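Below is a short report on a structure, written for reading beside the coordinates.

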There are 2 protein chains.
Amino acid sequence: KSSLQVLFFPDKDVACRDYFISGDGCFKSNCQFSHSKTSLSELCKHMMSSQRSLDVCVFVITCRDLADILLKLHRRGVKIRIITDKGMLHTDGSQIWTLQKEGIAVRTNNSSFFMHHKFAIKDQQVLINGSFNWTRQAITGNQENVLITDDLAVTSQFMAEFQKLWEHFDTS
Amino acid sequence: KSSLQVLFFPDKDVACRDYFISGDGCFKSNCQFSHSKTSLSELCKHMMSSQRSLDVCVFVITCRDLADILLKLHRRGVKIRIITDKGMLHTDGSQIWTLQKEGIAVRTNNSSFFMHHKFAIKDQQVLINGSFNWTRQAITGNQENVLITDDLAVTSQFMAEFQKLWEHFDTS
Ligand SMILES: [Zn+2]
Ligand SMILES: [Zn+2]
């Protein structure tokens, strides 16, 4: 009864932003990007279908496309919470500052170890988890996996982990 | 009907090598290490129960305890195959050279991108997958997760991915 999907990277083709992400459609007659399903386009589809909440717990976020989806959801009223690695805030192209400036709640670890998870939970129901950091290199270069499941026996444990870390990393 | 388990790191206590890994038991009267279950001890238990094969596809292996389990299994006749990241072969404390010298088959990517997976498949039945690299820091320092499942719908896709990469990275 539980549905699941496994995505592997790298994608051979780069998903078209306009076609899969902007939601306005792509009207370029000679678009260089893919209008066919890719692992990225599937991942985006899952994220964009969030109705109420998206809890993100990812080591590093530098990919503009994925950050833009978080902003889009946030503006639509979906509650976004982000836990990420403190050290990686300062990596080239980190999108965290922009997300935070737009009002998305962000918390980080405060140790010299890594907050190394790479998962997200949609609407407290669907787990997105794997080796995949939210970077451009992970999409088009690296060997990576993402497992998406709505098996409550799994998702509930990751929800509890998220909540534990969220409270633990509260510095207010 | 499918069984699954989720492990989170870091472990508060370090699992006792003798008690959980050597298999000879621990006879120290004041052992400093944990004889209670930890995430590492559970992971070791799964690995050590391999009967026929263990396919390992992990970015980096520097943890002696986990490398020792691979050696132990190899000597017991379990077929071990390792795919790892070429660049990480040269990281401090890499265990790959030792494993290879003992006769375990190792293949690596040959690009500047990362072979970034962190999964293993036991006896073509059980998938071990998550954010967890096989390093000491991942056990006692980082926030990490490992999901263990025997759901064939998931495992079969990772088996196919392993086989694809194994053939792709064949340089012989
Ligand atoms: Zn297009
Ligand atoms: Zn002991």
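## The largest pocket

The largest pocket has a lining of 21 residues; A:F59, A:H116, B:F59, B:H116 and B:N133 lie nearest its centre. Its space comes to about 390 Å³. By class, the lining holds nine nonpolar, ten polar and two charged residues. Here Ala, Val, Leu, Ile, Met, Phe, Trp, Tyr, Cys and Pro count as nonpolar, Asp, Glu, Lys and Arg as charged, and the others, Gly among them, as polar.

A pocket is an open set of points on a 1 Å grid over the protein atoms alone, with protein on both sides within 12 Å along at least five of seven lines; a cavity is a set of points where a 1.4 Å probe fits but cannot get out; lining residues have an atom within 4 Å of a point. Grid points are joined across faces, edges and corners, and a volume is the space filled by probe spheres set on the points.

## Model and conventions

This is a predicted model: local features need pLDDT of at least 70, side-chain atom pairs count only at pLDDT 80 or more, and totals for chains, interfaces and linings use all residues. Residues are numbered from 1 along each chain as its sequence is written, chains are lettered from A and ligands numbered from 1 in the order in which they are written, and side-chain values use heavy atoms, with hydrogens and water left out.

## Two copies

Contact means heavy atoms within 4.5 Å. Helix α6 (residues 152–168) of chain A lies across β1 and β7 (144–149) of chain B. This helix runs at about 15 degrees to β1(B).

## The sheet of chain B

Seven strands of chain B form an open sheet with mixed pairing, in the order β1-β7-β6-β5-β2-β3-β4. At the edges stand β1 (4–9) and β4 (105–108) of chain B, each with a single partner strand, so one side of each is left without a neighbour in the sheet. Neighbouring strands are turned by 10 degrees against each other on average, direction ignored. Helices (H or I, at least four residues) and strands (E, at least two) are DSSP runs, numbered from the N terminus. Two strands pair if DSSP finds at least two bridges between them.

Strands β2 (residues 53–58) and β3 (residues 79–84) of chain B pair in the parallel sense over five bridges. B:S53 stands opposite B:K79 in β3(B). Helix α6 of chain B lies across β2, β3, β4, β5, β6 and β7 of chain B, at about 75 degrees to β3(B). Axes are lines fitted to C-alpha atoms, for helices over the stretch in contact, and angles run from 0 to 180 degrees between N-to-C directions.

## The sheet of chain A

In chain A, seven strands form an open sheet in the order β1-β7-β6-β5-β2-β3-β4, again with mixed pairing. Strand β3 (residues 79–84) of chain A and β4(A) pair in the parallel sense over four bridges. A:R81 stands opposite A:A105 in β4(A). Helix α3 (residues 64–75) of chain A lies across β2 and β3 of chain A, at about 145 degrees to β3(A).

## Cavities

How many cavities of 30 Å³ or more are there? The count is two.

## Backbone exceptions

Most residues other than glycine have a negative phi, and most peptide bonds are trans. A cis peptide bond joins A:F9 and A:P10, with omega about 10 degrees. A:P10 sits in the loop between β1 and α1 (17–22) of chain A. In chain B, a cis peptide bond joins B:F9 and B:P10, with omega about 10 degrees.

Phi of A:Q124 is positive, near 55 degrees. This residue is in the loop between β5 and β6 of chain A. Phi of B:D123 is positive, near 50 degrees, and B:D123 lies in the loop between β5 and β6 of chain B.
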